[in-house]
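The sequence and structure come first.

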Amino acid sequence: MNPLPLPFNRVEGTAILAEKFESFQGEGPLTGQRCVFCRFSRCNLTCSWCDTKYTWDWAQYQPTDVSHRVAVPELINWVAECDVDLMVITGGEPMIQQPAMTALAAGVGEDVRVQVETNGTLAPVPELVDLVDLWVVSPKLANSGVGYSRRIVPPALAALQDTGRAVFKFIVTDVASDFSEIGELIDTFGLKRIWVMPEGDTPEKVLAGTAAIHEPALERGWNVSTRLHTLTGAR
Ligand code: SF4
């Protein structure tokens, strides 16, 4: 697996996109809300269970087959045509392309809330901070197979926490070890507004995983997310 994002030319006013589509938010605090997704291509991590490897795994995918450059004004027009009040900017790791994110978030206007899904390893630039209504930060645990210093970047976590509009969502594969690791991260970095969500690419796995985290999460005062898109088979 290529551990680094493929270099690409930054062209002002454009984004390297994997896909865009209209659906319902499938996970996290806004689960069930109708929205549009703008999935940016490229990632700076290489999680073993990643369900969007077409955004970064160039051993499996050809970048030219699975990503394309889009003019940001074109994206803004598409969002307006969809007539939604929520836009989710996701990836991959969209924060690799913050200038494009900033232009997009500014362009959709105040009637469209902006949610960003990020792995929490890159701090937001000031001009982007005020344009984002909700940061769903998903720091990766040891279960991702990624080394600690690559997946946990304290200044980036602090900057996202300081926005006052961040929640932290952790993907769980094993309740005992993962909950212990999440607890350590919460204590170390003073994280607040915690969500836990099962890993899984089948309805059976997601249902079993959600059942497994239900009680332990309740005991710790954390929130639980399912994966609606996996349960329904939609994207
Ligand atoms: S951070 Fe997200 S997109 Fe990147 S490899 Fe991990 S799960 Fe996949």
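## Strand β4

Five of the five residues of strand β4 (residues 86–90) are buried, so the strand is largely enclosed by the rest of the structure. Buried means under 20% relative accessible area, with exposed over 50% and partly exposed in between (1.4 Å probe, protein chains only). Helices (H or I, at least four residues) and strands (E, at least two) are DSSP runs numbered from the N terminus.

In a regular strand, side chains alternate between the two faces of the sheet. Both faces of β4 are covered: Leu 86, Val 88 and Thr 90 are buried on one side, and Met 87 and Ile 89 on the other.

## Basis of the model

This is a predicted model, in which local features need pLDDT of at least 70, side-chain atom pairs count only at pLDDT 80 or more, and totals for chains, interfaces and linings use all residues. Residues are numbered from 1 along each chain as its sequence is written, and side-chain values use heavy atoms, leaving out hydrogens and water.

## Neighbours of β4

Two strands pair if DSSP finds at least two bridges between them. β4 pairs with β2 in the parallel sense over four bridges, and Val 36 has Met 87 of β4 as its bridge partner. β4 also runs parallel to β5, joined by four bridges; here Leu 86 has Arg 113 of β5 as its partner.

## Strand β7

Seven of the seven residues of β7 are buried, so this strand is largely enclosed by the rest of the structure. Ala 166, Phe 168, Phe 170 and Val 172 cover one side, with Val 167, Lys 169 and Ile 171 on the other.

Strand β6 (residues 134–137) runs parallel to β7 and is joined to it by three bridges, with Val 136 opposite Val 167. Strand β8 (residues 194–198) pairs with β7 in the parallel sense over five bridges, and Lys 169 has Trp 195 of β8 as its bridge partner.
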